[in-house]
Amino acid sequence: MTVSDPRPAGPAEGTQPEEADQLRALLRSPGYLKALAFCALVGVPVSLVAFWFLVSLHELEQLMWSALPQALGWDAPPWWWPLPLLLVAGVAVGLVVTHLPGAGGHIPAGGLHTGGSSARALPGVILAALISLPLGATLGPEAPLIALGGGLVLLFRDLARAPATAKSTALLGAAGAAAAVAVIFGSPLVAGVLLIEVAGVGGPQLFAVMLPALLSSGVGSLVFTGLGRWTGLDAPSLSVKLGVPEPHLDAGDVLWAVPMAVVIGALLHLIMRGGRLTARFVAKRPVPRTTLCALGAGVCSAVYALTTGRSPANVASSGQTTLSRMTADPHAWGVGALIAVVLCTAVAYSLCLGSLRGGPVFPSLFLGCAVGVLLAPLPGLGVVPGMAAGMAAATTSALRLPVSSIVLVVLVLGSVAMTPVVIIAAVVAFVTTQLLPPGPAVPAVGTPAEPPAGPPPSGAPGSA
């Protein structure tokens with residue numbers, strides 16, 4: 001009897017020992033150990049700044065959409081409320097894009113990425129986000145936070161007069177971005193998985209990027225949690241509480257997840273493609289065309305409020321608050337209100353993706369949840385599996401990062417019971433979007449002041 005050799009044959013036979021030697025050499029390198037310690041230290045100030053940035057966004061949003069309408073005599077914002085706010089946002093963001101370094105950060109239609117940040121672009125990134133998000137952009141805060149984290153780390157490096165190389169820029173930029181991701185998504189685990197997918201590297205290079213990122217995100221998460229408790233201020237991270245019983249999965253839930261993912265994947269693909277077309281339209285004349293697109297998003301919010309009698313903030317926002325309310329009481333939404341919020345949010349989201357500044361994650365989660373609740377009456381499909389499959393499919397289609405989307409949705413739901421449906425929906429949606437035509441590329445904006453601090457953006461054509 002012949003016993004086969006268990007060792008891998010061919011070129012791989014010498015690859016594993018070589019990679020292990022490279023990793024050991026890297027971990028023994030004084031320069032890398034210094035970088036690791038630096039990344040752990042910068043996780044603290046990055047989280048401090050990120051905390052106050054999120055608090056500022058939250059307070060400004062409450063002022064614009066709650067305190068100010070009540071001061072003027074309304075219990076809730078009237079239907080026309082988003083129009084003047086988004087008109088101001090469009091003009092101001094257009095001026096930031098035209099006159100400040102970095103053009104206010106990357107265009108959200110390009111997807112989520114951790115590179116390209118610079119210290120010089122920080123004022124524009126912060127200002128564009130503080131204008132866009134509280135005034136009603138249908139975008140999330142995650143992309144400005146990531147740019148803020150990466151830019152702050154590079155600023156600290158320059159203040160410390162550390163050598164600036166392409167490798168150190170990429171490493172430190174990823175670590176700062178990871179600390180910010182941990183803040184907004186409520187878990188350093190999401191930061192680690194996101195970095196794996198976005199970087200698209202393996203072997204020693206993967207560990208070289210991942211170790212500082214995980215260390216910085218873990219420290220940042222601790223600081224962020226402590227600040228919230230000590231100050232009593234609200235800087236909400238992404239999480240929901242289910243207001244309905246969590247059922248056991250059955251065959252109907254699993255089977256419905258497949259066509260749901262196809263439909264949602266196609267819908268989000270059209271939205272992202274519309275965002276890229278909007279970005280190309282805006283790039284030729286930033287101020288008037290950004291204003292026009294922002295006003296168009298305001299019209300979507302106003303139409304939703306007029307047709308449903310609900311608050312226009314359900315559309316003119318990141319969707320985080322509305323997502324929490326929907327998961328807490330999904331049966332409070334009628335079919336007409338669900339159809340209206342999906343259609344109006346989809347158009348507003350597409351317009352904001354190419355014109356204003358923010359991130360693509362939060363609105364995609366909300367859209368997926370809304371479609372899941374809308375389809376929940378299908379025979380054999382439960383409302384919680386519908387929401388889980390919808391969020392996984394939508395987030396995967398928007399980001400083109402299936403593993404990160406799976407981890408994010410499971411953590412947001414706070415339960416692993418829906419994991420099989422989440423995985424199936426994410427995989428099917430990813431395949432669907434990859435098979436569809438990619439559409440136009442997002443135009444470049446601004447001139448980077450640093451070497452790129454990471455890989456190209458996820459979600460961009462050809463990047464997945």
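These are my notebook entries on a predicted model of one protein chain.

**Ground rules.** I number residues from 1 along each chain as its sequence is written. Because the model is predicted, I need pLDDT of at least 70 for local features and 80 or more for side-chain atom pairs, while totals for chains, interfaces and linings use all residues, and side-chain values use heavy atoms, with hydrogens and water left out.

**Whole chain.** I looked up the secondary structure and got 16 helices and zero strands. Here helices (H or I, at least four residues) and strands (E, at least two) are DSSP runs, numbered from the N terminus. Of the 464 residues, 54% count as buried, meaning under 20% relative accessible area with a 1.4 Å probe, protein chains only (exposed is over 50%, partly exposed in between). The chain exposes about 18,700 Å², and carbon and sulfur atoms supply 68% of that; the areas come from the Shrake-Rupley method with a 1.4 Å probe. I also checked contacts (heavy atoms within 4.5 Å). Of those with a separation of 6 or more, 82% are between residues 24 or more positions apart.

**Helices α15 and α16.** How do the axes of α15 and α16 cross? I find that α15 (residues 402-413) and α16 (residues 419-435) have axes that come within 10 Å and cross at roughly 150°. For the angle, axes are lines fitted to C-alpha atoms over the stretch in contact, and angles run from 0 to 180 degrees between N-to-C directions. The crossing is right-handed, so the near helix is turned clockwise from the far one by less than a right angle. On the α15 side I see P402, I406, V409 and V410, which meet T419, V422, I423, A426 and F430 of α16. By class, I get eight nonpolar residues, one polar and no charged; Ala, Val, Leu, Ile, Met, Phe, Trp, Tyr, Cys and Pro count as nonpolar, Asp, Glu, Lys and Arg as charged, and the others, Gly among them, as polar.

**S350.** I found S350 in helix α12 (residues 335-353). S350 counts as buried because its relative accessibility is 12%. Leaving out residues up to four places away in sequence, S350 touches I271, G274, G275 and T278.

**Positive phi.** A103 is not a glycine, yet its phi is near 55°. I place A103 in the loop between α3 (82-99) and α4 (122-132), and A103 is buried at 1% relative accessibility. R400 also has a positive phi, near 60°. R400 lies in the loop between α14 (383-399) and α15, and with a relative accessible area of 10% R400 is buried.
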